[in-house]
Amino acid sequence: MSSTKIIAVLGATGNQGGSVADVFLSTPGWTVRALTRNTASPKAQALALRGASLVHADMDDPATLGPAFAGAHAIFAVSDFWGLYGDPANKAKAKPGQPLNVWAAEHEVQQLKNVIDAAAARVDSLERFVLSGLSNATKWSKGKYTHVYHFDSKARAEEYIKETYPELWAKTSVYQAGLFLSNFVGNPIMRPVKNKDGIAQFIGNIDIDVKFPFIAAEEDSGPFVKALVDEPAGKNVIGYREWLTHREMAAIFSQATGIPAEAVQLPKGKSKVESPPELKLELDDNFAYWNEFGYEGRDDPTVIHPRDLATLGKLDTVYNYFKKFDWEKILSEA
């Protein structure tokens, strides 16, 4: 009988899931079952060429999830609030008077419940369930910031496992991906802009002297999830490659690129990019929560850090991440 184990990876063609698939494809003793809505996509086919087994799975269709998880020894579950919010096909799905981001959060919770129900009910072989989660902004701000829907939706799914399926919870660890470094490359809200003096300014609502967890999710998620699969369950790790202030991050950017840089904090209520009213409310609460209570919910006693994972190898640096890009081109397009 083969001793090979199976990891079922949701979102296998995305940033986090793709990194998880990449790591386990190169790990002896493991087979990757890449779960995706479109097995014919170029990214899915690229995974197949590397040895992944492609399986159709749709978080909106519970009937697809049981078969997709059958026989799996580990499951990585990730959801995509921003994909739901930004999909034009979803714009008419909110109830009358319901903001689209509130709908997206509720739908994300339901998607994750579908995944959790399937994992709890049908997978006798399961040894580890790893949930891509985020901190509970409403809880850890003591009710001060209640509009950080894209954090709280994932936290609600975590609570659902704990309250509904104690046996599954005993096999569960949570991976909180830190602040994506890729946001500085492609997200207008966080991408730096060059001022008239040639200085790259990282302008935003983040307190420039508060430490944040910076991660390259498309590279680092795999090593974190591998460690959570290998180690005992019950971990809640905040994932990052470096723990930096925005000011420190801008200095590293300057060292890596040779472009002078600075971090600039906008006054309260000001925004770098104009957003729809419901999203502005969410983003205002989001940044205020991070600044005051920490991205990871610093009062949460269950949170551990990368140093607490015995099997996590050395990650790359923020410096090397910034070195990879043509910043003159990116800054000229900002």
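## Basis of the description

The model is predicted, and local features need pLDDT of at least 70, side-chain atom pairs count only at pLDDT 80 or more, and totals for chains, interfaces and linings use all residues. Residues are numbered from 1 along each chain as its sequence is written, and side-chain values use heavy atoms, with hydrogens and water left out. Helices (H or I, at least four residues) and strands (E, at least two) are DSSP runs, numbered from the N terminus.

## The sheet β8-β9-β13

Three strands form an open sheet in the order β8-β9-β13, with mixed pairing; two strands pair if DSSP finds at least two bridges between them. Strands β8 (193-194) and β13 (261-265) are the edges: each has a single partner strand, so one side of each lacks a neighbour in the sheet. Strand β9 (residues 200-204) pairs with β13 in the parallel sense over five bridges, and Phe-202 has Ala-263 in β13 as its bridge partner.

Helix α11 (residues 246-257) lies across β9 and β13 and runs at about 155 degrees to β13. Axes here are lines fitted to C-alpha atoms, for helices over the stretch in contact, and angles run from 0 to 180 degrees between N-to-C directions.

## Strand β4 and its partners

Strand β4 (residues 74-77) is joined to strand β1 (residues 5-9) by three bridges, and the two run parallel; Ile-7 stands opposite Ala-74 in β4. Four bridges join β4 to strand β5 (residues 128-133), also in parallel, with Phe-129 in β5 as the bridge partner of Ile-75.

In a regular strand the side chains alternate between the two faces of the sheet. In β4, Ala-74 and Phe-76 point one way and Ile-75 and Ala-77 the other way, and all are buried. Buried means under 20% relative accessible area, with a 1.4 Å probe and protein chains only.

## Packing of helix α7

Helix α5 (residues 100-122) packs on helix α7 (residues 149-164) at an angle of about 25 degrees, with the axes 9 Å apart. This makes α5 roughly parallel to α7, a term for angles under 35 degrees. The residues in contact (heavy atoms within 4.5 Å) include Val-109 and Leu-112 of α5 and Ala-157 and Tyr-160 of α7. By class, the residues of this contact comprise nine nonpolar, three polar and five charged. Nonpolar covers Ala, Val, Leu, Ile, Met, Phe, Trp, Tyr, Cys and Pro, charged covers Asp, Glu, Lys and Arg, and polar the others, Gly among them.

The axes of α7 and helix α12 (residues 277-293) come within 9 Å and cross at roughly 70 degrees. Helices α7 and α12 are therefore roughly perpendicular, the term for 65 to 115 degrees. Tyr-149, His-150 and Phe-151 in α7 meet Glu-282, Asn-286, Tyr-289 and Trp-290 in α12. This contact has four nonpolar, two polar and one charged residues.

## Two buried residues

Ile-259 lies in the loop between α11 and β13 and is buried, with a relative accessible area of 6%. Its C-alpha is 9.4 Å from that of Lys-194, although the two residues are 65 apart in sequence. Beyond its neighbours within four places in sequence, Ile-259 contacts residues including Lys-194, Phe-253, Trp-327 and Leu-331.

Gln-176, in strand β6 (residues 172-177), is buried with a relative accessible area of 2%. Not counting residues up to four places away in sequence, Gln-176 touches, among others, Gly-133, Asn-236, Glu-296 and Val-303.

Key
Angles under 35 degrees count as roughly parallel, over 145 as roughly antiparallel, 65 to 115 as roughly perpendicular and the rest as oblique. Buried means under 20% relative accessible area, exposed over 50%, partly exposed in between (1.4 Å probe, protein chains only).
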